[in-house]
Amino acid sequence: MTDIFELLKGKGSEKQPVIVQGITGKFGTRHTKLMMEYGTNIVAGVTPGKGGQKFDNSVPIYETVKEAIDATGAKISIMFVPAKFFLGAAKDALEAGIKLLIAIPEHVPVQDAMKTIELAKQKGAIMIGPNTPGVMIPDLIKIGIMPASPFKFGNVAVLSKSGTLLYEISNNLSTSGFGQCITLGIGGDPINGTRLIDAFDMVKDYPNLDGIVVVGEIGGDAEEVFAQKIIDENFKKPIVAYVAGRKAPKEKRMGHAGAIVMGNYGSAESKIAMFSKANIPVAKRPVEVPILLAGKMEKK
Amino acid sequence: MRLLEYQAKELFKEYDIRIPDSIASKDIESGRKDAEKIGYPFVIKAQVPVGGRGKAGGIQKCHNEDEFELKYPQVLNMTIKGEKTRAILLEKMSEYEKEIYLSLFLNRSKRCYTIISSAEGGVEIESVKNQTIREVGLGEVTKKVAEEVAKEIGLKENSIPHFVDILQKLSKLTVEKEAELTEINPLVILKDGSMMALDGKMMTDDNSNFRHKELAKYQEKTELEKKAEESGFSLVELDGNVAVIGNGAGLVMSTLDMLTDNGGKAACFLDVGGTATTESVYEALTLISKMKNVKAVLVNLYGGIVKTSIVASAFLKAYDDKIIVLPVFARLMGAESEKSKEMLKDSETKLSPSIEEAINNVVMEVNK
């Protein structure tokens with residue numbers, strides 16, 4: 001399995017180069033600037049039809065991801081393309097050799113996401129998203145759309161289906177003295193390139209890991225499968241969870257394409273029951289997360 | 001999009017999956033004509049986008065005109081689990097030997113389609129014990145797999161080819177229409193071993209709507225939901241009296257949970273989304289002002305992609321235009337929250353440092 005920390009950190013003092021697909025769009029432009037301010041090494045942009053131009057007078061723009069890779073050697077790309085063009089842009093990136101694809105767009109059709117995941121598997125690449133806020137190692141690299149202020153470097157991994165709850169809960173953690181070694185947005189769609197269990201595999205062997213916070217929500221069975229994996233692997237480090245949507249009505253999509261309960265499939269009750277079985281406390285409110293985490297760490 | 005039974009059955013028919021004679025209507029005048037065409041006895045079935053209608057009285061047998069005149073309006077005016085009847089399906093009664101269960105759904109953890117089938121049908125699948133579950137990848141179900149499932153659920157020889165045929169057609173329908181779920185419950189076995197879909201349920205991927213213009217006619221959205229979609233935010237109408245607004249689906253769900261825990265009831269779930277502007281939030285407030293039963297507004301924002309000041313500007317404009325006359329309780333965090341608090345400090349909006357306090361205040365307000 002690709003080591004996500006190694007991919008994000010790069011080797012030596014050189015910062016890992018990152019490509020932005022859709023760099024000239026309104027959203028892409030804004031977040032590229034914010035990522036650069038944070039210190040992310042944005043080396044190239046890709047916008048078909050705008051090859052040869054420069055972004056912000058400094059970052060060269062290419063027609064295809066292949067040209068951008070040939071010029072920069074980047075292995076990471078973040079995508080800000082409209083959902084309708086997602087599949088084409090993702091193919092362009094994966095076929096050109098991108099190893100970590102951060103898929104920001106919301107409203108990507110499920111079948112397009114599944115096709116992209118198939119291709120990523122063949123190419124030995126990872127996709128995070130779609131509909132993810134991105135991934136970051138606080139104070140080092142931010143590849144995504146999250147604001148900078150909630151995050152502080154530390155030893156807790158935060159894995160979240162939701163964007164704003166990731167900010168809210170990371171902020172609660174930071175102000176309680178729990179910095180983060182990585183925060184990763186799984187995404188709010190039914191199908192995720194990096195599932196909760198995949199994200200767990202990415203972080204579980206991080207040497208200084210003190211604990212994991214899982215921010216789940218109704219829909220699907222990612223939380224249940226995650227809890228089962230914790231039981232199966234007899235993982236002993238502290239884990240705390242939160243599940244949004246306990247009081248949401250059934251059979252209604254609650255904002256995220258994936259946040260829907262069908263029968264018992266995807267219900268908060270089912271998730272909370274599985275977390276309990278795995279001895280993972282579930283916070284009722286976002287502010288309780290650091291309190292429960294502190295409790296878990298004491299017991300250890 | 002969650003298709004109603006009659007809509008799913010229209011697609012079944014298109015894909016050559018056998019269904020009973022049935023006609024859908026939305027008023028009793030059309031219903032009377034349909035009754036003549038179908039002929040007594042038949043069943044009156046409430047078309048609602050939610051399960052459990054049988055127990056709620058949404059399916060009624062009808063033997064003659066007197067019964068029809070009594071029951072049609074009853075079922076049409078019914079509300080089942082908060083959902084009003086959208087239409088009525090009149091359906092010929094069928095004689096059959098056995099009810100079974102068949103569905104295909106998008107298995108989110110395995111990231112493939114999965115078949116669920118059982119020789120016990122007609123009840124909710126959660127309560128069925130002998131389920132056969134088979135993961136089948138992204139494409140259509142092969143004949144071989146369909147035969148294996150048929151044997152596993154213990155079908156008689158004369159039914160197997162019919163089951164295989166229906167499962168393959170259902171799979172084609174699921175893949176082509178980009179459905180997350182297609183369910184036939186019950187699928188009934190007739191005397192000669194052939195099969196018929198007595199009920200139908202489908203959930204399609206809303207994000208693929210742009211390439212399925214043929215499904216647009218099935219869109220059952222309220223005026224408010226349509227307006228919300230046009231403005232780029234998601235709205236779910238609920239039956240309480242506190243309008244809940246925020247940015248990000250997770251944060252708004254979390255707010256809804258905490259409000260309910262504290263004895264409040266949400267009138268709506270409104271996520272202004274990741275691309276909110278002052279104009280779109282103003283539009284959201286306009287929508288809320290048109291909703292009945294709303295007594296107060298609860299706002300929970302964590303500024304990131306969307307700056308809280310964008311929302312604050314929308315509130316100020318809405319106060320100026322007298323769009324909001326209701327009490328508003330808000331908690332603002334993140335990007336530009338200090339600026340937003342300053343902007344709103346002389347307005348009617350009651351700001352709280354924590355969401356817990358804002359919720360306590362809104363619950364006291366509506367219970368006063």
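A nonpolar core is here a set of buried Ala, Val, Leu, Ile, Met, Phe, Trp, Tyr and Cys residues that are joined through side-chain atoms within 4.5 Å. In this predicted model, the largest such core has 102 residues, and those with the most contacts inside it are Ile212(A) and Phe226(A). Helix 7 of chain B, residues 249-261, gives the most to this core, contributing seven residues.

Turning to the rings, a search of the whole structure finds 11 aromatic pairs over all chains. The rings of Tyr265(A) and Phe105(B) have planes at 80° and centres 5.4 Å apart, so this pair is edge-to-face. Because Tyr265(A) lies in the loop between strand 13 (239-244) and helix 9 (268-277) of chain A, while Phe105(B) belongs to strand 8 (residues 98-107) of chain B, the pair joins two chains. The rings of Tyr40(B) and Phe42(B), with centres 4.8 Å apart and planes at 25°, are stacked.

| Residue | Relative accessible area | Class |
|---|---|---|
| Tyr265(A) | 25% | partly exposed |
| Phe105(B) | 15% | buried |
| Tyr40(B) | 27% | partly exposed |
| Phe42(B) | 0% | buried |

One aromatic cluster is formed by Phe200(A), Phe226(A), Phe235(A) and Phe275(A). In chain B, Lys317(B) lies over the face of Tyr282(B), at 3.9 Å from the ring centre, and the charged end of Lys350(B) sits over the ring of Phe329(B), 5.3 Å from its centre.

Technical notes. Residues are numbered from 1 along each chain as its sequence is written. Chains are lettered from A and ligands numbered from 1 in the order in which they are written. This is a predicted model: local features need pLDDT of at least 70, side-chain atom pairs count only at pLDDT 80 or more; totals for chains, interfaces and linings use all residues. Side-chain values use heavy atoms; hydrogens and water are left out. Buried means under 20% relative accessible area, exposed over 50%, partly exposed in between (1.4 Å probe, protein chains only). Helices (H or I, at least four residues) and strands (E, at least two) are DSSP runs, numbered from the N terminus. Rings of Phe, Tyr and Trp (its six-membered ring) pair if their centres lie within 6.5 Å; planes under 30 degrees apart count as stacked, over 60 as edge-to-face and the rest as tilted. A charge sits over a ring if NZ of Lys or CZ of Arg is within 6 Å of the ring centre and within 35 degrees of the ring normal.
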